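Try each one before you read its solution.

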Amino acid sequence: MNMQSDFPAAPPPGCPAHGSGKRVPLYGTEFAADPGAYYSYMRSYGPTAPVELSPGVDATLVTDYSAALQLLQNPDTFRKDSRRWREYNEGKVTRDNPVVPLLEYRPNCMFTDGAEHMRLRQAVTDSLARVDTHRLSRHVERVADYLMDQFLARGSADLLNDYAKLLPLFVFNELFGCPAEIGDRVIFGISGIFDGINAEKANEVLGQSVAELVALKRKQPGDDVTSWLMEHHAQLNDGEMAHQLVLLLGAGAEPQRNLIANALLLLLSDERYAGAGLLVEDALDDVLWNSPPMANYAPHYPVSDVDFAGTRLRAGDLVLVSIAAANTDPALSASRQQLSKRAHLAWSAGPHACPAKDTAQLIGVVAIEKLLNKLPDIELAVPESSLTWRPGPFNRGLTALPARFTPIRTDKQPVTQQQIPTGDHRTHAQNKQEKGGLWSSFLSWWRT
């Protein structure tokens, strides 16, 4: 491993790599509490560092901004197809490892290369380009109103779990044309996968519900992203449709909730945002630079053995980009103020850059502005130092964001929300007779 000095910085307190020569762990409460200290230590290795994503899952993490760009923009040397993952193929990493679901191969535009990637990605980008921004803004505002009506009279809320977590799920249900009985199960599935609550069942429910949505839209196309994907000249089959939808729904919901919540935390805790001058867009850019929702991801695999940034990589090695570390690379410190707002790597770069960044930015701005305009005296209900972050190697997300404000009376009463999985073997008619989940509750609220 390439070293920058003969005396590397000391590992953070509690880091199992301390004095052992072991890989640096990107899991556990210690890493979640202060990832910056870990990134500073890992830079002592050079542009890349040996890490462990979870017990038994080794990877190389790129922490240098220039090296990250080199990797992301070089599809000839580094591929996305995780069927190349050597240690997985050799059985050293098993499928039941908790990080595998976000790394294993799926036939979608994230995990494909070359002509197949271009075909799938074009279908996605063209379909997303048809989204009417005015219509999207109005729907975000409706969802925000609904979610706020559930807690306005209380004078308190968990801005993560009561607002930032749910809003993207509701918005995407609308964008993709989910009827109530399917939308409830989409929400259950996505929430369970990312929260790790009954994840196997949640994944099954999500797969079934997306397959039902595809079948429905084949018969009854509408003015929504699902139907536009079907109409695209790429001619996606049902399996390809389902995999693109799971990617778009899942990859959109999790980073979006972290983006909204992390920006709200910044707005409520940083004195720079207390006065006039700085806008919600500035807070979002600040988060994308310094606390990106997906902190470590962009998995790639060398096509063959290669020397990269001073490190020898074997064909099929798992290589990830630390978006958080690259964005805060000390080499950028002198020029960060001059860098374009789009120069951060939170949306990735190269052929696999996020195709939905404009949509995500719009949702974040509208959701935050709506909340702050409705609750101008909102403030954190606990000291910032007491907030905790979800452990895990990929995301940068809070566990909760308690806030308080002056209670507001509302004409519409809060809805009793029942989030129930309906992806079992009951009939469609039986499902319709039962009380619905979150998406059904929103539709009922909006019609009253």
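**Exercise 1.** Find how many cavities of 30 Å³ or more the whole structure holds, and work out what lines the largest cavity.

Step 1. The search of the whole structure gives 4 cavities of 30 Å³ or more. On a 1 Å grid over the protein atoms alone, a cavity is a set of points where a 1.4 Å probe fits but cannot get out, and lining residues have an atom within 4 Å of a point. Grid points are joined across faces, edges and corners, and a volume is the space filled by probe spheres set on the points.

Step 2. The largest cavity has a volume of about 90 Å³. Its lining includes V131, R135, H139, E174, D223 and W228. Two or more lining residues come from each of α6 (133-149), α8 (166-175) and α11 (225-231); helices are DSSP runs of H or I with at least four residues, strands are runs of E with at least two, and both are numbered from the N terminus.

Step 3. Sort this lining by class: 6 residues are nonpolar, 1 is polar and 5 are charged. Here Ala, Val, Leu, Ile, Met, Phe, Trp, Tyr, Cys and Pro count as nonpolar, Asp, Glu, Lys and Arg as charged, and the others, Gly among them, as polar.

A word on the source: this is a predicted model, in which local features need pLDDT of at least 70 and side-chain atom pairs count only at pLDDT 80 or more, while totals for chains, interfaces and linings use all residues. Residues are numbered from 1 along each chain as its sequence is written, and side-chain values use heavy atoms, with hydrogens and water left out.

**Exercise 2.** Describe the second largest cavity and the second largest pocket.

Step 1. The second largest cavity holds about 70 Å³ of space. Among its lining residues are F31, Y39, N296, W389 and R396, and α1 (29-33) and α2 (35-42) each supply at least two. By class, this lining has 7 nonpolar, 3 polar and 2 charged residues.

Step 2. The second largest pocket holds about 400 Å³; a pocket is an open set of points with protein on both sides within 12 Å along at least five of seven lines. Of its 19 lining residues, N290, S291, P292, W389 and R396 are the closest to its centre.

Step 3. α12 (238-269) is one of the elements giving two or more residues to this pocket, and its 4 residues are the largest share. The pocket lining divides into 9 nonpolar, 6 polar and 4 charged residues.
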